[in-house]
Amino acid sequence: DPWTFLVVVDDDHIYGHQLIEQLMRSALANPGSAVAAQGFLSVPGILESQELTALQDQGVQRPRYLQDQGFPAGPVLVSYLGVVYQRGFFDERVFQYDRACYQCRYQDDMWFSAHLASKGIKRFVLGAALGVQELTEMHLGPESLTKWPENRPRNVSDDCNQCLLQKRSTKLWAFRRRVVLALAGLPSAAGLPSEVSPEWESVLASIKRLSNWPDLTYLCTAGWEGSSGFILGKSFLLNDILVTGSTACEAQGDARISQLLRDLLLWEGDANTVLVMGSLEDLQKGDPEDFWAVAECAANMYDFHVQQADDDERALREAEDQAASKQDPKEFLVEKFGHLMLNSRFRQRPLELTSGLGDQMPRRSRAASGAQTWPYCRLGSWLAASVGAFNEMPG
């Protein structure tokens with residue numbers, strides 16, 4: 001069942017009675033995302049950065065998840081303090097360990113996070129132990145299952161990461177928006193996924209015309225009811241395209257926006273996910289690049305991270321006002337709002353803006369041609385919107 005939550009822990013720690021409740025509260029507060037008590041974001045040079053040095057001089061401790069392992073990677077969720085996924089985040093490729101990536105069998109945390117990253121699924125690190133206690137002898141002692149001469153964690157992580165970058169994408173860990181497609185005007189799904197007819201071969205070939213394939217394609221048509229084990233959110237590969245079914249549309253017919261949106265808004269929880277809607281005819285007769293141009297247009301209209309930054313800055317200003325009345329304002333700010341100080345400092349970095357779909361995707365000049373009527377952007381017959389835009393009024 002793709003809707004099932006999976007809580008993963010290790011066998012060498014004692015876990016608190018409220019661990020699952022705490023993880024689940026965080027998971028439900030961040031729909032469409034995986035959540036862990038701990039993890040790591042590896043940024044080369046971060047430990048000697050001006051931002052982190054200045055914060056540490058003020059008494060702000062570096063979060064344990066912010067690391068420099070010699071290569072950029074992450075966020076990687078780690079299971080030893082507890083992590084929660086949804087079954088639907090994984091598809092059959094999670095079991096396909098390439099022989100060249102053999103070291104990833106010993107770095108399952110990185111393997112799972114890379115699987116999610118390849119589909120634009122967010123990973124959240126809480127940065128808290130949540131009452132977990134380590135069984136030292138079981139964890140790092142001579143009887144530990146991970147204690148053998150060849151097990152050098154840093155080397156294993158590096159080897160696994162290098163292979164993932166080579167086999168998946170050199171920009172696997174780069175920030176980007178998740179983009180999904182809802183497609184109508186399709187043949188009946190009867191027989192899928194076990195039998196792929198020539199008609200469906202043509203459909204999949206049309207999707208492959210896109211310069212980059214969507215993270216997930218919703219095939220909106222009739223006939224899924226007879227497919228074995230069909231459940232909304234359950235994804236599978238058809239000729240290497242990751243797809244799922246939607247029963248909201250008729251076969252070979254036009255679809256209303258409400259039909260195309262129905263199942264997307266049920267499953268896609270991340271506010272920054274971009275939903276693109278169109279028909280098979282749009283794919284076959286139109287410019288394939290218009291798909292990505294309309295997605296970029298919708299992404300430019302709404303960005304959850306911009307709103308989050310504004311909220312953080314507002315909360316920090318309020319905290320500074322509170323601190324003014326305290327006996328030790330600096331200690332009050334560091335103890336209660338150190339995470340906001342950290343976020344604010346790093347947002348001041350003179351980095352290239354990752355607007356649009358993110359720094360993994362090229363900019364498309366056609367995105368500026370989209371007609372914007374909140375929350376949608378329209379370009380030709382394509383229509384796109386961000387999930388979070390449906391909960392916001394235009395500014």
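Is Cys-160 buried or exposed? Select Cys-160: at 1% relative accessibility, this residue counts as buried, where buried means under 20% relative accessible area, exposed over 50% and partly exposed in between, with a 1.4 Å probe and protein chains only.

The model is predicted, with local features needing pLDDT of at least 70 and side-chain atom pairs counted only at pLDDT 80 or more, while totals for chains, interfaces and linings use all residues. Residues are numbered from 1 along each chain as its sequence is written, and side-chain values use heavy atoms, with hydrogens and water left out.

Cys-104 lies in the loop between β5 and α3 and Cys-160 in helix α5, so the pair ties together parts that are 56 residues apart in sequence. Helices (H or I, at least four residues) and strands (E, at least two) are DSSP runs numbered from the N terminus. The S-S torsion of Cys-104 and Cys-160 is about 105°, so this disulfide is right-handed. Cys-104 is buried, with a relative accessible area of 0%.

Next, select Cys-101 and Cys-163, which are joined by a disulfide with an S to S distance of 1.8 Å. This pair also links distant parts of the chain: Cys-101 is in the loop between β5 (73-86) and α3 (108-117), and Cys-163 is in helix α5 (residues 153-167), 62 residues apart. The torsion about the S-S bond of Cys-101 and Cys-163 is about -85°, so the disulfide is left-handed. Cys-101 is buried at 3% relative accessibility, and Cys-163 is buried at 7%.

Move to Cys-297 and Cys-377, another disulfide, with sulfur atoms 2.1 Å apart. Cys-297 sits in helix α9 (residues 289-301) and Cys-377 in strand β14 (residues 376-379), 80 residues apart. The torsion about their S-S bond is about 100°, so the disulfide is right-handed. Cys-297 counts as buried at 1% relative accessibility, as does Cys-377 at 0%.

A search of the whole structure finds four disulfides. With bonded cysteines counted along the chain, their pattern is 1-4, 2-3, 5-6, 7-8.

**Nonpolar cores**

Now select Tyr-85, Phe-89, Met-110, Leu-116, Leu-164, Leu-172 and Trp-173. Of the 39 residues in the largest nonpolar core, these touch the most other members. Such a core is a set of buried Ala, Val, Leu, Ile, Met, Phe, Trp, Tyr and Cys residues joined through side-chain atoms within 4.5 Å. At least two residues of this core come from each of α1 (19-29), β3 (33-42), β5, α3 and α5. β5 gives the most, with nine residues.

Centre on Leu-116. Leaving aside neighbours within four places in sequence, Leu-116 is in contact (heavy atoms within 4.5 Å) with Ala-34, Tyr-85, Phe-89, Phe-90, Ile-121 and Arg-123.

**A helix pair**

Last, select helix α2 (residues 50-57) and helix α11 (residues 329-347), which pack at an angle of about 175° with their axes 10 Å apart. Axes are lines fitted to C-alpha atoms, for helices over the stretch in contact, and angles run from 0 to 180 degrees between N-to-C directions. That makes α2 roughly antiparallel to α11, a label for angles over 145 degrees. Glu-51, Leu-52, Ala-54, Leu-55 and Asp-57 in α2 meet Lys-330, Met-341, Leu-342, Arg-345 and Phe-346 in α11.

Methods
A disulfide is a pair of cysteine sulfur atoms within 2.5 Å. Angles under 35 degrees count as roughly parallel, over 145 as roughly antiparallel, 65 to 115 as roughly perpendicular and the rest as oblique.
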